[in-house]
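Here are my notes on this one, jotted down as numbered points. Have the model open while you read.

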Amino acid sequence: LTRINKLTGKFLHRNWVTVPHVTQFDEADITELEKFRKQLNKENEKEGIRITVLAFLMKALTSALKEFPRFNSSLDHTGENLVLKQYINIGVAMDTADGLVVPVIRDCDRKTLFELASELIETSKRARDKKLSPTDMSGGCITISSLGGIGGTAFTPIVNAPEVALLGVSRSSIKPVYKSNGKDDGEFVPRLMLPLSLSYDHRVIDGADGARFTSYLSKVLSDTRRLLL
């Protein structure tokens with residue numbers, strides 16, 4: 001095992017044993033988001049900034065944390081008090097040759113989509129080049145683990161304590177979705193659906209709140225205009 005494997009293994013084992021996990025599954029219709037993303041990349045091709053779905057996910061997650069502040073919290077050392085955070089730092093799990101690392105993108109609520117996309121590219125390069133410091137991997141409020149570039153339909157991520165939730169994302173795929181026009185003559189239409197897997201600390205978050213959180217995320221991702229609200 002590499003040094004990172006050993007450190008990550010101990011950390012994950014502690015979290016798995018001490019945090020009562022629940023995972024909520026959902027899907028988001030990102031058909032329009034993907035069209036918009038490709039349009040933005042084409043318009044900004046000369047600048048060399050490539051916007052990925054992950055950047056949109058970070059914007060959507062930022063909006064969700066504002067709507068549901070309990071997800072942006074940590075339990076104190078007694079386990080009896082909740083510390084609500086007034087900032088939004090999002091960890092992004094990254095696969096490297098030496099193992100899994102989770103650098104933190106800070107102040108996501110103060111950054112534009114382009115700034116997030118640019119920082120993701122820069123941070124990913126530093127992770128591959130083994131140039132991340134311990135400070136770069138601390139202070140997160142919530143983590144995203146995206147396996148969309150590899151595959152899979154769903155998974156059960158382990159919460160990155162002291163955070164209380166982690167959003168897993170799998171590969172999007174075209175699915176037939178029933179669309180009704182209010183009458184009985186609706187039809188199935190092809191839509192690009194993104195699988196979401198939200199694991200959370202059940203001591204802090206109830207199942208109803210978990211379902212509301214993923215439903216909100218799904219709604220925001222299906223209509224990017226909501227990110228402006």
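1. Start at A127, which touches M94, T96, V101 and L132, leaving aside residues up to four places away in sequence; contact here means heavy atoms within 4.5 Å. A127 sits in helix α4; helices are DSSP runs of H or I with at least four residues, strands are E runs of at least two, and both are numbered from the N terminus. The cut-offs are under 20% relative accessible area for buried, over 50% for exposed and partly exposed in between, with a 1.4 Å probe and protein chains only. A127 and V101 are 26 residues apart in sequence, yet their C-alpha atoms are 7.5 Å apart in space.

2. A word on ground rules. This is a predicted model, where local features need pLDDT of at least 70, side-chain atom pairs count only at pLDDT 80 or more, and totals for chains, interfaces and linings use all residues. Residues are numbered from 1 along each chain as its sequence is written, and side-chain values use heavy atoms, with hydrogens and water left out.

3. Which residues touch the most other members of the largest nonpolar core? They are M58 and F213, in a core of 47 residues. By nonpolar core I mean a set of buried Ala, Val, Leu, Ile, Met, Phe, Trp, Tyr and Cys residues joined through side-chain atoms within 4.5 Å. Elements that each supply at least two residues include α2 (31-43), α3 (53-67), α4 (113-128), β11 (187-201) and α5 (207-222). The biggest giver is α3, with nine residues.

4. Beyond residues up to four places away in sequence, M58 touches I90, V92, I105, C108, L116, L120 and I144.

5. T62 is also worth a click. This residue belongs to helix α3 and, at 6% relative accessibility, counts as buried. With residues up to four places away in sequence set aside, T62 touches I88, I90, C108 and D109.

6. Next, the helix pair. The axes of α3 and α5 come within 9 Å and cross at roughly 135°, which makes α3 oblique to α5. The axes are lines fitted to C-alpha atoms, for helices over the stretch in contact, and angles run from 0 to 180 degrees between N-to-C directions. Under 35 degrees is roughly parallel, over 145 roughly antiparallel, 65 to 115 roughly perpendicular, and the rest oblique.

7. On the α3 side the contact is made by F56, L57, A60, L61, S63, A64, L65 and E67, and on the α5 side by F213, Y216, L217, V220 and L221. By class, that contact has eleven nonpolar, one polar and one charged residues. Here Ala, Val, Leu, Ile, Met, Phe, Trp, Tyr, Cys and Pro count as nonpolar, Asp, Glu, Lys and Arg as charged, and the others, Gly among them, as polar.

8. Some backbone spots to check. The peptide bond from A161 to P162 is cis, with omega near 10°, and P162 is in the loop between β8 and β9. D107 has a positive phi, near 50°, without being a glycine. D107 lies in the loop between β7 (104-105) and α4, and counts as partly exposed at 29% relative accessibility.

9. And K130: buried or exposed? K130 is exposed, with a relative accessible area of 63%. K130 is in the loop between α4 and β8, and its phi is near 60°, a positive value in a residue other than glycine.
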